[in-house]
Amino acid sequence: MEREREISFLLNGHPVSCRAAARTHLGDLLRTEFGFTGVHIGCEHGVCGACTILVDGRAIRSCLMLAVQADGAVVETIEGLTESGRIADLQEAFHERNALQCGYCTPGMLATASELLAENEAPSREAIREAISGNYCRCTGYHAIVDAIATTAEARRKGDAGWEAAT
């Protein structure tokens, strides 16, 4: 018999509650219980980064975190980051720089980049590469992704209009 526990957390700005089995991973719960399919489940070992989301502002692998560990946390998926407008400039830069192709890694890359830019307003290209080193992309070769993140950081530092409107 699998034990379940009632959990509550803030999901993309909205309070939610549900029952979760003790062994349910947060990524699976977000997809099946709440329909947030932007949480891509890839390797299920925390290696590929496709399932990266923000929990209390930190990028985490939702395939490694148990749902019950999210009790009381602030959880943000790509859908919530998009809806809030906080990453609109980053998404635009990914589009302009062709930093996405198949799109499977993109939600995790954007969540990781969001955390990086929240912590470091002027990351070097090396710091960007280090930050995204846990996110696999088989399509782009990473150069365009690094360019998009660097471009967004520079625009934010300069106070370009798109960024100010999204904050």
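**Aromatic pair and salt bridges**

The structure holds one aromatic pair. This is a predicted model, where local features need pLDDT of at least 70, side-chain atom pairs count only at pLDDT 80 or more, and totals for chains, interfaces and linings use all residues. Residues are numbered from 1 along each chain as its sequence is written, and side-chain values use heavy atoms, with hydrogens and water left out.

Me: Why is the pair of Phe9 and Phe34 called edge-to-face?
Reply: Rings of Phe, Tyr and Trp (its six-membered ring) pair if their centres lie within 6.5 Å; planes under 30 degrees apart are stacked, over 60 edge-to-face, the rest tilted. The centres of Phe9 and Phe34 are 6.1 Å apart and the planes stand at 80°, so the pair is edge-to-face.

Me: What makes Phe9 buried?
Reply: Buried means under 20% relative accessible area, exposed over 50%, partly exposed in between (1.4 Å probe, protein chains only). Phe9 has 4%, so Phe9 is buried.

Me: Why does Phe34 count as partly exposed?
Reply: Phe34 has 22% relative accessibility, so Phe34 falls in the partly exposed range.

Me: What makes Glu115 and Arg58 a salt bridge?
Reply: A salt bridge needs a side-chain nitrogen of Lys or Arg within 4 Å of a carboxyl oxygen of Asp or Glu. For Glu115 and Arg58 the N to O distance is 3.2 Å, so the pair is a salt bridge.

Me: Why does Glu115 count as buried?
Reply: Glu115 has 12% relative accessibility, so Glu115 is buried.
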